[in-house]
Structure formats: structure tokens, C-alpha cells
Amino acid sequence: QVRLEESGGGLVQAGGSLRLSCAASGGSFSNYAMGWFRQATGKEREFVAAISWSGKSTYYDDSVKGRFSVSRDTAKNTMNLDLNNLKPEDTAVYYCVADSSFRNIITYDQIELWGQGTLVTISS
């Protein structure tokens, strides 16, 4: 029953913005780091962003640094990713993840829980 569910994906013009949300259910995630990965068609999944259990520490891939912002509300077991100044190369399925280790998410190692993904498409 423990699961993550993403929402908010859609079609956006280049230069536009979008907010993705992740809802965690089936247990408490207050002591879990969370984050986002993405996978474009024909390519491997890649790290996007991570946030610590407290929400005070964040880490971004260089490709999105300065454009994307990750935040969380631990009381509600939710996490958001604000995508700004979107580019066509941002088109991908975005996945929400959770793990007891912040480092595991950053290094893509033994991530405990994945959502089903939500599609973000950027038109040029």
C-alpha cells in the first residue's frame, strides 16, 4: 500500500512553467529524502533533483539548476517540483522517488520507492 503518485504533467510551450506534485501514501515519509528523476524516450533515466527529509537541503543536476525548484510539505507527505524556463530537451516522463538516504537518491543507488511517472511535453 505504500506508494508515490505524481501529478501535474502536461503540454507546455518552451519558456513556460509547470508544477509537478508528488503525493505519498500508506505510511509516514517525514524521515525520508525525496526527489525526482526523468526519462526521455529512448534514453536512460537521469537524476533531476533531491530534497532532504527536513526540506532544508536540496541538490540539482546541472541541466536544471537555476530553472527548477524542489520543495516539500512533510506534514502532508507531499513534494513539488517547479519547472521554469522550460526547454524542449526537458520533455520526459518525470518520476517521484523516496528513500531513507539523501545520498542514495543523488547517486541513484538502491532507491526504495518510485512513483508511476507523469509526462511533461515541451513544444518549441
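This is a predicted model: local features need pLDDT of at least 70, side-chain atom pairs count only at pLDDT 80 or more; totals for chains, interfaces and linings use all residues.
User: How many disulfides does a search of the whole structure find?

Analyst: The search finds one. It joins cysteine 22 to cysteine 96, with an S to S distance of 1.9 Å.

User: Which strands hold the two cysteines?

Analyst: Cysteine 22 belongs to strand E3 (residues 18–25) and cysteine 96 to strand E9 (residues 92–99). The pair links distant parts of the chain, the two residues being 74 residues apart.

User: Is the disulfide left-handed or right-handed?

Analyst: The torsion about the S-S bond is about -70°, so the disulfide is left-handed.

User: And are these cysteines buried or exposed?

Analyst: Cysteine 22 has a relative accessible area of 1% and is therefore buried. Cysteine 96 is likewise buried, at 0%.

User: Changing topic to strand E7: which residues form the covered face?

Analyst: Phe68, Val70 and Arg72 form the covered face of E7 (residues 68–73), whereas Ser69, Ser71 and Asp73 form the uncovered one.

User: Why do the side chains alternate?

Analyst: In a regular strand, side chains alternate between the two faces of the sheet.

User: How many bridges join E7 to strand E8?

Analyst: Six bridges join E7 to E8 (residues 78–83), and the two strands run antiparallel. Among the paired residues, phenylalanine 68 has leucine 83 as its bridge partner in E8.

User: What about the hairpin of E7 and E8?

Analyst: Four residues lie between the strands, and asparagine 77 takes a positive phi near 55° in this hairpin.

User: Where is arginine 67, and is it buried or exposed?

Analyst: Arginine 67 is placed in the loop between strand E6 (58–60) and E7. Its relative accessibility is 9%, so arginine 67 counts as buried.

User: What does its side chain reach?

Analyst: The side chain of arginine 67 reaches the backbone oxygen of asparagine 85 at 3.1 Å. It also makes a polar contact of 2.7 Å with the side chain of aspartate 90.

User: Which other residues does arginine 67 touch?

Analyst: Setting aside residues up to four places away in sequence, arginine 67 touches residues including Asp82, Leu83, Asn84, Leu86 and Lys87.

User: Where does asparagine 85 lie?

Analyst: Asparagine 85 lies in the loop between E8 and E9. With 44% relative accessibility, asparagine 85 counts as partly exposed. Beyond its neighbours within four places in sequence, asparagine 85 is in contact with Gly15, Gly16, Ser17 and Arg67.

Methods:
Residues are numbered from 1 along each chain as its sequence is written. Side-chain values use heavy atoms; hydrogens and water are left out. A disulfide is a pair of cysteine sulfur atoms within 2.5 Å. Buried means under 20% relative accessible area, exposed over 50%, partly exposed in between (1.4 Å probe, protein chains only). Two strands pair if DSSP finds at least two bridges between them. Contact means heavy atoms within 4.5 Å. A polar contact is a pair of N or O atoms within 3.5 Å; within protein, one must be able to donate a hydrogen and the other to accept it, and residues adjacent in sequence count only if both atoms are side-chain atoms.
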